[in-house]
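Please keep the sequence and the model in view while reading.

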Amino acid sequence: MNFKQKLQAGYVKPFRNRPYLNWVKQQTCPCGAPADDPSHVNHYKGTGTKAPDLFVWPSCRPCHQLYETNREKWHELYGDEWEWVALTIAQGVDEGVIEI
């Protein structure tokens, strides 16, 4: 059973972390604009749940909307969203927002 199937079956509960999301909103979007929203990866759409809060990157509203409506174009402009997630996590660890 893959991760998506486990989410659908309720075996895995996505964690929520409001302080982390608030910190992400204070960062810069990949386009260079100030972020308005944390953008969750959409690989879990249709599972009845949002991705865990750790799987986010900072996004301004126009870029968030582009990701939601035209992911192919978003990828052309900014690359793979998982790279942005990884960079956001690394910055969070570096700044002490995420403790490991």
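Of the 100 residues in the chain, 37% are buried, where buried means under 20% relative accessible area, exposed over 50% and partly exposed in between (1.4 Å probe, protein chains only). The model is predicted, so local features need pLDDT of at least 70 and side-chain atom pairs count only at pLDDT 80 or more, while totals for chains, interfaces and linings use all residues. Residues are numbered from 1 along each chain as its sequence is written, and side-chain values use heavy atoms, with hydrogens and water left out.

The chain exposes about 6000 Å², of which carbon and sulfur atoms supply 51%; the area comes from the Shrake-Rupley method with a 1.4 Å probe. Five helices and two strands are present, in the order α-α-β-β-α-α-α from the N terminus. Helices (H or I, at least four residues) and strands (E, at least two) are DSSP runs, numbered from the N terminus. Among contacts between residues at least 6 apart in sequence, 60% join residues at least 24 apart; a contact means heavy atoms within 4.5 Å.

How do helices α3 and α4 pack? Helix α3 spans residues 61–69 and helix α4 residues 71–78; their axes are 5 Å apart, at an angle of about 125°. Axes are lines fitted to C-alpha atoms over the stretch in contact, and angles run from 0 to 180 degrees between N-to-C directions. The two helices are therefore oblique to each other, since angles under 35 degrees count as roughly parallel, over 145 as roughly antiparallel, 65 to 115 as roughly perpendicular and the rest as oblique. On the α3 side the contact is made by Cys-63, Leu-66, Tyr-67 and Thr-69, and on the α4 side by Arg-71, Lys-73, Trp-74, Leu-77 and Tyr-78.

Leaving aside neighbours within four places in sequence, Asp-37 is in contact with Lys-25, Trp-57, Pro-58, Ser-59, Arg-61 and His-64. With Arg-61 there is also a side-chain to side-chain polar contact at 3.3 Å. A polar contact is a pair of N or O atoms within 3.5 Å; within protein, one must be able to donate a hydrogen and the other to accept it, and residues adjacent in sequence count only if both atoms are side-chain atoms. With the same exclusion of neighbours within four places, Ser-59 is in contact with Cys-29, Ala-35, Asp-36, Asp-37, Ser-39 and His-64.
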